[in-house]
Protein chains: 2
Amino acid sequence: MKGGSIEIGEVSKGASQRKGMKRGLSIMDFILRIVAAAATLGGAVGMGTAEESLPFVTNFMQFRAEYDDLPSFVFFVLANSLVCGYLVLSLILSVFHIVRSSAVKSRVLLIVFDTVMLGLLIAGASAAAAIVYLAHNGNSKANWFPICQQFNNYCQQASGSVVGSYIAVAFLIILILLSAAAISRH
Amino acid sequence: MKGGSIEIGEVSKGASQRKGMKRGLSIMDFILRIVAAAATLGGAVGMGTAEESLPFVTNFMQFRAEYDDLPSFVFFVLANSLVCGYLVLSLILSVFHIVRSSAVKSRVLLIVFDTVMLGLLIAGASAAAAIVYLAHNGNSKANWFPICQQFNNYCQQASGSVVGSYIAVAFLIILILLSAAAISRH
């Protein structure tokens, strides 16, 4: 009888330790979600507000660059906005996981959506990165000239936004690994 | 005694049904892996062999387009080759899962690598898609002219390769969902 109660005590100690660990993972999940949301918001706003007008005008051209001149940048802004919105909404579930650390189904749901959003974010960031590279270096074979020589600030802002988006990608990967760790601890 | 044996019989029937279902999932996994590997191989070879020489030469220009003229296309070929190689290697583990359908750890390993490869493939396909779009439509604001008007066959082949790569992305997503289903059936 005594041995039995010691055993039960050990089991409940192990269970509460595991519960504390899961709660720790959930709190980290919450913080990382805010950071990732900030990174995507930075990416979307940075790219969305990127514009530059050159200080001269001719009859033929306007010499003004905006983000919606390039379809890849529009896709980039859309993808980052969507992922940012999703991350903010997912904070509700993240708080729920801190309160009820034994929930599993909602964690699986979250991991699936996180992965979908990761794919979308990678697609947007890669498409924008390809165009930013082209804007910086041009391509002599295709006769595409580097526009960054004229629109330097515009290019700087677009490049920064792409970097911000890739930082969000890194945080989303960590988020998915954390969720997987929390599920496997079940 | 009789009731007990019926119950055991039902349990073992349920277990063997579940085993049969997991084996079915493993065989589907194997087939989908071959299809996805073929799609990435098609993408890599299609883009890698894309070249076109125009039937006239001047002193200034060669009028010849190859895949390695554009860095995004080089990344695309590398990403597709890598994923194709990984998919062929992963067939070994896939066969192992058909034989031993109760394996879980190796399935988790496979799902992690599948997801990494999915990210790489999406990045390559999106970067190439951004450039292919530009090659088709050009961009008047950036003074980038559509090169597909001259290099029509080259563009057709590059576009087809990107489509093949996106088909591989779709198959990889199905593969990951199948693996997740097999793990959750455990």
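## A pair of helices in chain A

The crossing of helix 3 and helix 4 of chain A is left-handed. This is a predicted model. Helix 3 covers residues 105-137 of chain A and helix 4 covers residues 152-184. Their axes come within 9 Å and cross at roughly 155°. Because angles over 145 degrees count as roughly antiparallel, helix 3 of chain A is roughly antiparallel to helix 4 of chain A.

Sorted by class, the residues in the contact between helix 3 and helix 4 of chain A are 24 nonpolar, 6 polar and 2 charged.

## Disulfides

A disulfide is a covalent bond between the sulfur atoms of two cysteines. Over all chains, a search of the whole structure finds 2 disulfides.

In chain A, a disulfide links A:C148 with A:C155, with an S to S distance of 1.8 Å. The torsion about the S-S bond of A:C148 and A:C155 is about -80°, and therefore this disulfide is left-handed.

## How the two chains are related

Two copies of a chain are related by a rotation about an axis and a shift along it.

Terms used:
Residues are numbered from 1 along each chain as its sequence is written. Chains are lettered from A and ligands numbered from 1 in the order in which they are written. This is a predicted model: local features need pLDDT of at least 70, side-chain atom pairs count only at pLDDT 80 or more; totals for chains, interfaces and linings use all residues. Side-chain values use heavy atoms; hydrogens and water are left out. Axes are lines fitted to C-alpha atoms, for helices over the stretch in contact, and angles run from 0 to 180 degrees between N-to-C directions. Helices (H or I, at least four residues) and strands (E, at least two) are DSSP runs, numbered from the N terminus. Angles under 35 degrees count as roughly parallel, over 145 as roughly antiparallel, 65 to 115 as roughly perpendicular and the rest as oblique. A crossing is left-handed if the near helix is turned anticlockwise from the far one by less than a right angle, and right-handed if clockwise. Ala, Val, Leu, Ile, Met, Phe, Trp, Tyr, Cys and Pro count as nonpolar, Asp, Glu, Lys and Arg as charged, and the others, Gly among them, as polar. A disulfide is a pair of cysteine sulfur atoms within 2.5 Å.
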